[in-house]
Amino acid sequence: MVSVVNLVLMGAVIALHTLIAAVMTRFFRLRLKTQWGYILYALFLIPLVLFVSTLVFSGVFGIGVDLGSPTAALGVMIGMPLALGFTIDTLYVPPPEEYENLPNSR
């Protein structure tokens, strides 16, 4: 039986994964000058970080519920936060080119 505490902790982990995906996508958008570069890095590096985080949270700490199959677990813990984080950064945060008054770096 699923407890309320496990559901709340799993929701917190999914929210944390979404935040990690959005911040990493933003970092790649700021650092990489090519249009497709940040997309490729986001599609290959962010799932790796989320996978390691999922292993830590579900294995070491035992957070989460039994979703029935590994495919469903990976979809919920990695796929959904990746899609949400990427979408939040790409659609709702202004692109780096819109900022005019950035400080000079020396």
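Q: At what angle do α2 and α3 pack?
A: The model is predicted. In it, the axes of α2 and α3 lie 10 Å apart. The angle at which these two helices pack is about 140°.

Q: What is the handedness of the crossing of α2 and α3, and how many charged residues does the contact have?
A: The crossing of α2 and α3 is right-handed. From α2, the contact is made by Tyr38, Ile39, Ala42, Ile46, Pro47, Leu50, Phe51 and Thr54, and from α3 by Leu74, Met77, Ile78, Pro81, Leu82, Phe86 and Thr90.

Q: Which helices do the buried residues of α1 pack against?
A: The buried residues of α1 include Met10, Val13, Ile14, His17 and Phe28. Arg26 and Arg29 are also among them. The buried residues of α1 pack against α2 (37–60) and α3 (70–92).

Q: How far apart are the end C-alpha atoms of helix α1?
A: Helix α1 covers residues 4–31, which is 28 residues. At 1.5 Å a residue, the helix should span 40 Å.

Q: Are α1 and α2 roughly parallel or roughly antiparallel to each other?
A: The axes of α1 and α2 are 10 Å apart, and the helices pack at an angle of about 150°. Angles over 145 degrees count as roughly antiparallel. The two helices are therefore roughly antiparallel.

Q: How many nonpolar residues are in the contact of α1 with α2?
A: α1 passes α2 in a right-handed crossing. Residues of α1 including Leu16, Ile20 and Met24 meet residues of α2 including Tyr41, Leu45 and Val49. Among the residues of this contact, four are polar, one is charged and the nonpolar residues number 14.

Q: How does Ala15 count by relative accessibility, buried or partly exposed?
A: Ala15 has its place in helix α1. A buried residue has under 20% relative accessible area. The value for Ala15 is 45%, so this residue counts as partly exposed.

Q: What is the distance in space between Ala15 and Leu55?
A: Ala15 belongs to helix α1. In sequence, Ala15 and Leu55 are 40 residues apart. In space, C-alpha to C-alpha, their separation is 16 Å.

Note on methods:
Residues numbered from 1 in each chain as written. Predicted model: local features only at pLDDT ≥ 70, side-chain atom pairs only at ≥ 80, totals over all residues. Heavy atoms only, no water. Helix = DSSP H or I, 4+ residues; strand = E, 2+ residues; numbered from the N terminus. Expected span 1.5 Å × (residues − 1). Buried < 20%, exposed > 50% of the residue type's maximum accessible area, 1.4 Å probe, protein only. Contact = heavy atoms within 4.5 Å. Axes fitted to C-alpha atoms, helices over the stretch in contact; angles between N-to-C directions. Left-handed = near helix turned anticlockwise from the far one by under 90°. Parallel < 35°, antiparallel > 145°, perpendicular 65-115°, else oblique. Nonpolar A, V, L, I, M, F, W, Y, C, P; charged D, E, K, R; others polar.
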